[in-house]
Amino acid sequence: MAPAAIPDNHQLHVFLFPVMAQSLMIPMVDVARLFAARGLKSTIITTPLNAMNVSKSVERDRLSGLNINVQIIPFPGVEAGLPEGIECLNEITSPEMMPKFFKAMDMVQEPFEKLLEQHRPDFVVAGMFLTWATESTAKFGIPRFVFHAANFFYLSAKESLRLHKPYETISTDHTDENSSSFVIPGLPDKIEMSTAQIPSHSESSNFVVEMQKKISESEVNSYGILVNSFYELEPAYAEHYKTVLGRKAWHIGPISLLNEHAADKAQRGKKSAIDEHYVLKWLDSKEPNSVLYVSFGSVSRVNDNQLLELAMGLESSGCSFIWVVRQIKKDDEERFLPTGFEERVKGRGLIIRDWAPQLLILDHQAVGGFMTHCGWNSVLESISAGVPMITWPMFADQFYNDIFITQVIKMGTPLGPKEHNWLDSKNVSLVKNDKIEMVVSWLMGDGEEAKNMRKRAKEISEMAKKSVEEGGSSYADLTSLIEEMRIYTKK
């Protein structure tokens, strides 16, 4: 018996399955909202504890009539060897927990396939670490898209390293950064990296290498890649990835620009640890471009010695700042602050502990710089707001983003150490307070180079906003993707 024909007015249904990490769930939820705003039915798949934050994010859209829902599946963390209650990568406290977390994500495959069988969505968007999703969707003839919370530059550079392995000819014994550097072959620009900046080169186990291999295979076998970027930001790398590397990809960002209302910006991801109205009132009292925003993301952790140097550097700079502090151990919360620090910086320094309304802060005219860990969400939010950056990468794609910001689009200046680290920051070089003071003063000052960087940042911001408007490059690419899926469902 032939399958029933798909009616012309069929509402496309998309499953979206984000990796359980704040930095990966936040943009994926926005992708779900983006599809729903274009008339599709969006179903976000997540686990019980993560569902609480996700549900709050989409509630306003649902009340406005958009067809967006959350489907919950259990997370087998305990079965994989994790402590009870851990369902998010942000809660990992030691490198030994990483393989267990990924094992638990692999164990979600079977319940996910039951959902596919039950609901038969027209296509699936799954996070890059859910490598088995390509195989699972293929069983039901459903197209799977890989979602990368990353840019074309990173995807191109990462693939070049995987194919050519230029770092293998360099000894890991070098302590001099220059002697351990190499050129990434085949890219549109001459891009150099050092061996210390590559995750697979600095991890003691083969876990990261094996995961990268699985991701690459999953991408090649998937229907295509969704990229949170826009064409005008990196045209040479968008073309390189699609044409030279032959990957089928759509640029649909900056996804964060979907959040137009203050409530969406304030509550994106998690509820802020501080009242957003207080933060905005504090910023309203400052001159345009006078405040430095400092945040190292939801996963990165900085040790107390480095936080102490950062506090002294911010104080010495004389600049106004908002500093979001997330520490390795919460019971040591105040140990890193110099004695009397908060009293001395009162009025020009605002410390936020844990979660901040980042979009609202970056969009405020008083903010003139962003000291960032170079996570792609934060970078693209800064680009969209037209705020130049001080780069302090720590792990994963952040070193690529550092190079992209400082060398390719020239919208920032480097500061952080050049060693890859995550969860274990003891062996990372200390950035001293005098260097921090110097770089902060340079970016926030009135020098010609800093002024030109701010001007360039505003120009790129305008391009970003136009790309997601009707007729813009990202708007058009998303339209093209939706139309392709409409045709696919009728085959």
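Is glutamate 219 buried or exposed, and what is its relative accessible area? Glutamate 219 is buried, with a relative accessible area of 4%, where buried means under 20% relative accessible area, exposed over 50% and partly exposed in between (1.4 Å probe, protein chains only).

This is a predicted model, in which local features need pLDDT of at least 70 and side-chain atom pairs count only at pLDDT 80 or more, while totals for chains, interfaces and linings use all residues. Residues are numbered from 1 along each chain as its sequence is written, and side-chain values use heavy atoms, with hydrogens and water left out.

**View 1. The whole chain.** The chain has 19 helices and 15 strands, taken as DSSP runs numbered from the N terminus (helices H or I, at least four residues; strands E, at least two). Buried residues make up 58% of its 491 residues. Of the contacts (heavy atoms within 4.5 Å) with a separation of 6 or more, 72% are accounted for by residues 24 or more positions apart.

**View 2. The salt bridge between glutamate 219 and lysine 158.** A salt bridge is a side-chain nitrogen of Lys or Arg within 4 Å of a carboxyl oxygen of Asp or Glu, and by this rule the count comes to 16. In the bridge between glutamate 219 and lysine 158 the closest N and O atoms are 3.9 Å apart. Because glutamate 219 lies in helix α8 (residues 207-221) and lysine 158 in helix α6 (residues 152-164), the pair ties together parts that are 61 residues apart in sequence. Lysine 158 is also buried, with a relative accessible area of 11%. Both residues belong to a network of salt bridges that links Lys158, Glu159, Arg162, Glu219 and Arg247.

**View 3. The salt bridge between aspartate 477 and lysine 242.** The closest N and O atoms of this pair are 3.9 Å apart. Aspartate 477 lies in helix α19 (residues 473-489) and lysine 242 in helix α9 (residues 235-244), so the bridge ties together parts that are 235 residues apart in sequence. Aspartate 477 counts as buried at 15% relative accessibility, whereas lysine 242, at 25%, counts as partly exposed.

**View 4. The salt bridge between arginine 344 and glutamate 315.** Here the side chains meet at 2.5 Å, N to O. The pair links distant parts of the chain, with arginine 344 in helix α13 (residues 341-344) and glutamate 315 in helix α12 (residues 304-317), 29 residues apart. Arginine 344 is partly exposed at 44% relative accessible area, and glutamate 315 is partly exposed at 21%.
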